[in-house]
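Here is a short briefing on helix packing and backbone geometry. Keep the coordinates open while reading.

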Amino acid sequence: MRRYDTLLLDADGTLFDFNLSEKTALKAVLSQKGIECGDNVISAYHKINAEQWRRLERGETTREKLRVDRFLRLIEYLRGEGMPNDIEAEILAGEYEDELARQGFLFDGALDVCCGLSRQCGLYIVTNGLTNVQRGRFSHSPIMHYVNKLYISEEIGAVKPDPAFFFAVLEDIGINDEVSKSRTLVVGDSPSSDIAGGMNSGLDTCLYDPDNSFADVCTPEPTYKINSLDELFRIVGTSADA
């Protein structure tokens, strides 16, 4: 018997390879400015960006500040590494977002899993992010053939893990009673965003942890933990060929 009818799927780090998209976009915009974008620069930006998004989750910054502040810090890093430049953070932010909106790399197997699950469940993408970037990235992705709707935090006006984000999604889908909520599963790679948000909204959760980063402990503890997306068939209670 199928246990879940509705899956709320995180995008980046779950279905989409955001690290590859980030790397590709950053290299493109910095190379246009004559700046070599080696692994050290990629790593520095990744850490800066991740921390900015964690601050947004905690309510310590805003989207508008985030989109510029991450590049102010990157520019400081470049200068500290002996790469002087006269780049304006606001301009770099816009150019980066335009380039990132063109990148939509899927993880291997994500398309097939969504295709199979869509035969039995309603699939919805729930993502934090900037609307122009996320809609640009997803608009040409073949995975959208199997997704009922895309929900973006900027459009909703609340950021995961805020329960207000999930409540708005549930209301729009029409999940308005405890039975239908009990048959809804949140799937994502972030304990602090996807798992905490789902739990605080009264939903079952599934942590996607392909590298076993949370093999020993995960706070908060999800309902399920998987290393491969195709494990979702077992959890949902269906098969890839259903």
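In this predicted model, helix α5 spans residues 110–118, and its buried residues are A110, V113, C114, C115, G116 and L117. The elements covering these buried residues of α5 include strands β1 (6–9) and β2 (122–127), along with helix α11 (232–236).

- L92 sits in helix α4, which runs over residues 89–100.
- Is L92 buried or exposed? L92 has a relative accessible area of 0%, so it counts as buried.
- Which residues touch L92, leaving aside neighbours within four places in sequence? The contacts are V29, L30, K33, F71 and I87.
- E51 is 41 residues from L92 along the chain, and their C-alpha atoms are 19 Å apart.

**Cis peptide bonds**
- Most peptide bonds are trans.
- K160 and P161 are joined by a cis bond, with omega about 20°.
- P161 belongs to the loop that links α7 (153–156) to α8 (163–173).
- T219 and P220 are also joined by a cis bond, with omega about 0°.
- P220 is in the loop between β5 (204–208) and β6 (224–226).

**Positive phi at N212**
- Most residues other than glycine have a negative phi.
- N212 is not a glycine, yet its phi is positive, at about 55°.
- Where does N212 lie? N212 is in the loop between β5 and β6.
- N212 has a relative accessible area of 44%, so it is classed as partly exposed.

Notes. Residues numbered from 1 in each chain as written. Predicted model: local features only at pLDDT ≥ 70, side-chain atom pairs only at ≥ 80, totals over all residues. Heavy atoms only, no water. Buried < 20%, exposed > 50% of the residue type's maximum accessible area, 1.4 Å probe, protein only. Helix = DSSP H or I, 4+ residues; strand = E, 2+ residues; numbered from the N terminus. Contact = heavy atoms within 4.5 Å.
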